[in-house]
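Let's take a walk through a protein model together. Have a look at the picture first, then read on.

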Amino acid sequence: MTIPEKLKIGAKVYGVEITNKLDVGNVNYSGEISYTDLVIRICPNAQAKMEADFLHEMIHGMLDHLGYIEHDEKKVDELANVLHMVILDNPAVFAPVKEGQHENG
């Protein structure tokens, strides 16, 4: 899985940074999303950890886009981890369709 440099959620384009400097501090956090600065920050870790953290912050962005203000961290984390497993276990599903190729063949 590739962590992009930018992620578009609705009309907002979030920059994605790999950095040790989080606004919330590093105590028990390895990622954050800023809805005002439009940035997702992920701490450098093992690749799989960074991918799951990126998905976690992406889900926060999606919930914010849908108008949800309160986000249950446990549920967001569970969704991020199961989504990460599904993406890794089914790479063909998420591979881009080549031009001239039908989705079912």
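Is Lys 74 buried or exposed? Lys 74 has a relative accessible area of 57%, so Lys 74 is exposed. Here buried means under 20% relative accessible area, exposed means over 50%, and partly exposed is in between (1.4 Å probe, protein chains only).

Before we go further, some ground rules. This is a predicted model, where local features need pLDDT of at least 70, side-chain atom pairs count only at pLDDT 80 or more, and totals for chains, interfaces and linings use all residues. Residues are numbered from 1 along each chain as its sequence is written, and side-chain values use heavy atoms, with hydrogens and water left out.

**Salt bridges**

What is Lys 74 doing with its side chain? Lys 74 meets the side chain of Glu 78 in a salt bridge, at 2.3 Å from N to O. A salt bridge is a side-chain nitrogen of Lys or Arg within 4 Å of a carboxyl oxygen of Asp or Glu, and by this rule the count comes to six. Lys 74 and Glu 78 both sit in helix H2, four residues apart, which is about one turn of the helix. Helices (H or I, at least four residues) and strands (E, at least two) are DSSP runs, numbered from the N terminus.

| Pair | Distance, N to O |
|---|---|
| Lys 74 and Glu 78 | 2.3 Å |
| Lys 12 and Asp 64 | 3.4 Å |
| Asp 23 and Arg 41 | 3.4 Å |

Lys 12 counts as partly exposed, because its relative accessibility is 34%. Asp 64 is partly exposed too, at 23%.

Now for Asp 23 and Arg 41, whose closest N and O atoms are 3.4 Å apart. Asp 23 lies in the loop between E2 and E3, while Arg 41 lies in strand E4, 18 residues away. Asp 23 counts as exposed because its relative accessibility is 60%, whereas Arg 41 counts as buried at 11%. This pair belongs to a network: Glu 17, Asp 23, Glu 32 and Arg 41 are linked by salt bridges.

**The strands**

Two strands pair if DSSP finds at least two bridges between them. Strand E3 (residues 31–34) and strand E4 (residues 39–42) run antiparallel and are joined by four bridges. In this pairing, Gly 31 stands opposite Ile 42, and Glu 32 stands opposite Arg 41. Four residues lie between the strands of this hairpin, where Leu 38 takes a positive phi near 55°.

E4 also pairs with E2, this time in the parallel sense, over four bridges. Ile 42 turns up again here, as the bridge partner of Ile 18.

What about the two faces of these strands? In E3, Gly 31 and Ile 33 on one side and Glu 32 and Ser 34 on the other are all buried. E4 is covered on both faces as well, with Val 39 and Arg 41 on one side and Ile 40 and Ile 42 on the other all buried.

Met 50 is in helix H1. Its relative accessible area is 10%, so Met 50 is buried. Leaving aside neighbours within four places in sequence, Met 50 is in contact (heavy atoms within 4.5 Å) with Ile 3, Ile 18, Ile 42, Cys 43, Pro 44 and Asn 45. The C-alpha atoms of Met 50 and Gly 31 are separated by 8.4 Å, and the two are 19 residues apart along the chain.

His 84 is in helix H2. With a relative accessible area of 7%, His 84 is buried. Not counting residues up to four places away in sequence, His 84 touches Met 1, Ala 48, Glu 51, Ala 52 and Leu 55.
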